[in-house]
Amino acid sequence: MTSNLISSETYQYLYEKFGNDIQIFPLQDEASTRRYFLLESKTKKFVICLDNQVNEDFILLSDFFLDQNIRVPKVLERNDNLNLLILSWEGQKDLSSLDQDTYQKQIPDVLNLLLKIQKLNPPVLVKNRKFDTEKLMSEILLTESKFEIFKNLYNISTDISIEVHAFLEECAGYLSKHEVNVFTHRDFHSRNLLLNDEGSMTLIDFQDARMGVPQYDLASILYDAYYPLPRDFRIQMLAYFQKHSIGGTVKFKETFYLQSLQRSFKALGTYFRMVVDEKKDKFKPSILSCLDQLEEIVQLGMFSDALYIFVRSLRNELQKHPDFKIKIK
């Protein structure tokens with residue numbers, strides 16, 4: 001099986017390297033420009049990554065993580081002419097494929113991995129990038145712009161009020177000035193943790209790592225719209241992480257809910273973009289899931305009433321919308 005997403009030049013290169021008996025299968029695409037393929041020969045499997053250009057940050061951070069005994073895909077070969085990387089095969093299933101009970105049993109190991117990452121001395125590449133006000137606000141503004149397109153496309157009446165924008169702006173300002181910053185993966189959720197053939201986890205999609213508050217990646221996994229967790233279990237895991245975190249004594253819960261608000265609002269924008277720009281309806285359920293989580297975050301964080309009204313109004317409107325009643329796998 002082959003894919004028409006791969007150029008003839010790339011096919012020729014792979015055939016010459018691995019032989020004409022190889023098979024190439026597209027792997028699940030995510031919310032990025034990168035495309036991944038399983039290359040399978042008679043004896044081995046590899047992953048082919050194609051992008052607009054070879055990602056130097058991915059290569060550097062892959063080597064860094066492997067040196068720290070953190071399992072990530074190993075870069076086996078690069079081809080800059082084809083914008084191609086050949087990576088080690090780390091399995092096709094991720095944590096989101098697990099049933100609820102098995103997934104929850106896995107979460108403590110996920111948090112321990114996150115704690116280990118946050119205690120690393122980051123390479124210069126990561127130290128020079130930070131979740132400052134400009135970066136945090138760019139994510140908020142992207143969501144607001146994609147929401148306007150989404151709103152017009154589906155005839156949505158709910159608006160993002162001036163009060164909502166002002167509160168999110170204050171949130172970004174607070175987070176950017178937080179005194180504790182650590183190595184932050186930036187997209188630490190269930191679909192970026194593969195279940196490898198040895199039965200352990202492999203971390204992927206780390207090329208955009210930067211410095212941020214310890215709660216950024218924690219919010220990503222505990223408020224993962226791909227795999228929502230029960231509230232009681234989430235609170236239990238929050239307490240576990242706080243006990244072992246570098247920043248566990250510095251306004252931990254206040255910062256957690258503010259970061260969860262910013263991170264989930266940013267994720268909402270990603271799902272809007274995938275639906276309106278990429279025409280991928282499979283992200284529609286994630287919009288509703290994300291709104292459910294945002295409502296909880298606003299309530300537990302005791303945030304602005306304007307935020308609650310926006311989230312509740314949009315969710316109620318979408319739940320009645322004919323284009324959002326079908327559950328898409």
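Trainee: Why is Val110 called buried?

Mentor: Buried means under 20% relative accessible area, with exposed set at over 50% and partly exposed in between (1.4 Å probe, protein chains only). Val110 has 0% relative accessibility, so it counts as buried. Keep in mind that this is a predicted model, in which local features need pLDDT of at least 70, side-chain atom pairs count only at pLDDT 80 or more, and totals for chains, interfaces and linings use all residues. Residues are numbered from 1 along each chain as its sequence is written, and side-chain values use heavy atoms, with hydrogens and water left out.

Trainee: What is Val110 in contact with, leaving aside its neighbours within four places in sequence?

Mentor: Contact means heavy atoms within 4.5 Å. On that basis Val110 touches Leu95, Phe188, Leu193, Met201 and Ile221, once neighbours within four places in sequence are set aside. Val110 itself sits in helix α3 (residues 100-118); helices are DSSP runs of H or I with at least four residues, strands are runs of E with at least two, and both are numbered from the N terminus.

Trainee: What makes helix α7 largely enclosed by the rest of the structure?

Mentor: Eight of the eight residues of α7 (residues 215-222) are buried, so the helix is largely enclosed. Ile221 is among those buried residues, and the buried residues of α7 pack against α3, α5 (133-153), β6 (182-184), α8 (231-244) and α9.

Trainee: And why is α9 described as largely enclosed?

Mentor: The count for α9 is 22 buried residues of 25, so this helix too is largely enclosed by the rest of the structure.

Trainee: How do you know that the reach of α9 is close to the expected one?

Mentor: The expected span of a helix is 1.5 Å times one less than its number of residues. For the 25 residues of α9 that gives 36 Å, and the helix reaches 36 Å from its first C-alpha to its last.

Trainee: What makes a set of residues a nonpolar core, and which residues have the most contacts inside the largest one?

Mentor: A nonpolar core is a set of buried Ala, Val, Leu, Ile, Met, Phe, Trp, Tyr and Cys residues joined through side-chain atoms within 4.5 Å. The largest has 96 residues, and Phe65, Phe150 and Ile287 have the most contacts inside it. Its largest share, 13 residues, comes from helix α9 (residues 252-276). Apart from this core lies another, of 15 residues, including Phe18 and Phe37.

Trainee: What makes β2 and β3 a pair?

Mentor: Two strands pair if DSSP finds at least two bridges between them. Six bridges join β2 (residues 35-40) to β3 (residues 45-50), which run antiparallel, so they meet the rule of at least two.
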